[in-house]
Amino acid sequence: MSKTFYSIRMRAAQRNMEVGEKHVSGGERIGSKVQIEPIVNQLLHKASNHSRGDADFIQITVEKMSRHQIQYLPPLEITTVDVGSIEKAHSEARDLLTSVGVSQQAQNIAFHLLNSSQNLRGAIILHSKTGLRLDDRGIKGVRVSRMDWQDANVNLHERVREALALATKVANSPFTIAELCWSDDPDYVTGYVSNRDIGYVRISPLKRAGSESGGRVFFVSDEVDLQSYIHYLEREPILIRGH
Ligand code: WAQ
Ligand code: MG
């Protein structure tokens, strides 16, 4: 029995004459034919009234994926660490990254990149030892796509639901050593460190409220085959089940 699924994606941006495009919001979902309409509505809602600003441009893409075999994964386990300051949160995140084998140098580069990026649309891929950037996507980064929850009514806040699905997909690749993330939304200061062994560790506050800096870094192993890694992240469908 093979059901037809659709990849439904959104991106919203502001058009600014001086700096070019400003990324406002993005989203990626998977649904069956009857789910397309509610998912398009949810993505449209997400793109509207966004804390990063009013979008001048919203693009929604609906694409049939019938030829692809969907892989099912259980979600990473969630833990939460609330500390009193950004310094303590960064040091907590660094301890976790060190424990899974990310070098100090790669960590320094990652924190610098996320602190200074205010307009990153996707993720940056860094070598987990040297900290060298391996993707050539520039400001766009690599956008992970084609992942969702099997049960549309999973009992998690929208933001956690999306981030946990993404982190679970990323952690499932044998090339991923760890992920570091915090939001570029000025009103959201919680981020996470994740991988297959430590799970999804939410850490707050990783930045000051009001800041539009943020993004994602995927730390990868020496053995990475970059082309197949990026193909997996962008194209291979994953559904998360259970929780
Ligand atoms: N693929 C790659 N990178 C992405 C994607 C994606 N599909 N979506 C977002 N990013 C990158 C991009 O650089 C964004 O600027 C950045 O991540 C932040 O995205 O447990 O809300 O959607 O409380 O603003 C994590 C904690 C929240 C949730 C992360 O990120 C929790 C969040 P945002
Ligand atoms: Mg955002």
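A polar contact is taken here as a pair of N or O atoms within 3.5 Å. In this predicted model, the side chain of Glu-28 meets that criterion, with an N or O atom 3.1 Å from a nitrogen atom of ligand 1. Two further contacts involve oxygen atoms of the ligand: a polar side-chain atom of Arg-159 lies 2.8 Å from an oxygen atom of ligand 1, and an N or O atom in the side chain of Asp-185 is 3.3 Å from an oxygen atom of ligand 1. On its own, ligand 1 has 700 Å² of accessible area, of which the protein covers 95%.

The shell around ligand 1 consists of 23 residues, with Gly-122, Val-144, Ser-183, Tyr-188 and Tyr-200 the closest. By class, eleven of the shell residues are nonpolar, four polar and eight charged. Two or more shell residues come from each of α4 (158-171), β8 (176-182), β10 (199-204) and β11 (215-220). The largest share, three residues, is that of α4.

Ligand 1 takes up the space of the largest pocket, which holds about 870 Å³. The lining of this pocket comprises 44 residues, and those nearest its centre are Gly-26, Lys-46, Arg-159, Glu-162 and Arg-216. Of the lining residues, 17 are nonpolar, twelve polar and 15 charged. At least two lining residues are supplied by each of β2 (20-31), β7 (147-149), α4, β8, β9 (191-195), β10 and β11. Here too α4 gives the largest share, with eight residues of the lining.

Terms used: Residues numbered from 1 in each chain as written. Chains lettered and ligands numbered in written order. Predicted model: local features only at pLDDT ≥ 70, side-chain atom pairs only at ≥ 80, totals over all residues. Heavy atoms only, no water. Near = heavy atom within 4 Å. Polar contact = N/O pair within 3.5 Å; in protein donor to acceptor, adjacent residues only side chain to side chain. Areas by Shrake-Rupley, 256 points an atom, 1.4 Å probe, with all protein chains shown as cover. 1 Å grid on protein atoms, 1.4 Å probe; cavity = no way out; pocket = protein on both sides within 12 Å on 5 of 7 lines; lining within 4 Å. Sits in = over half its atoms within 2 Å of the grid points. Helix = DSSP H or I, 4+ residues; strand = E, 2+ residues; numbered from the N terminus. Nonpolar A, V, L, I, M, F, W, Y, C, P; charged D, E, K, R; others polar. Points joined across faces, edges and corners; volume = space filled by probe spheres on them.
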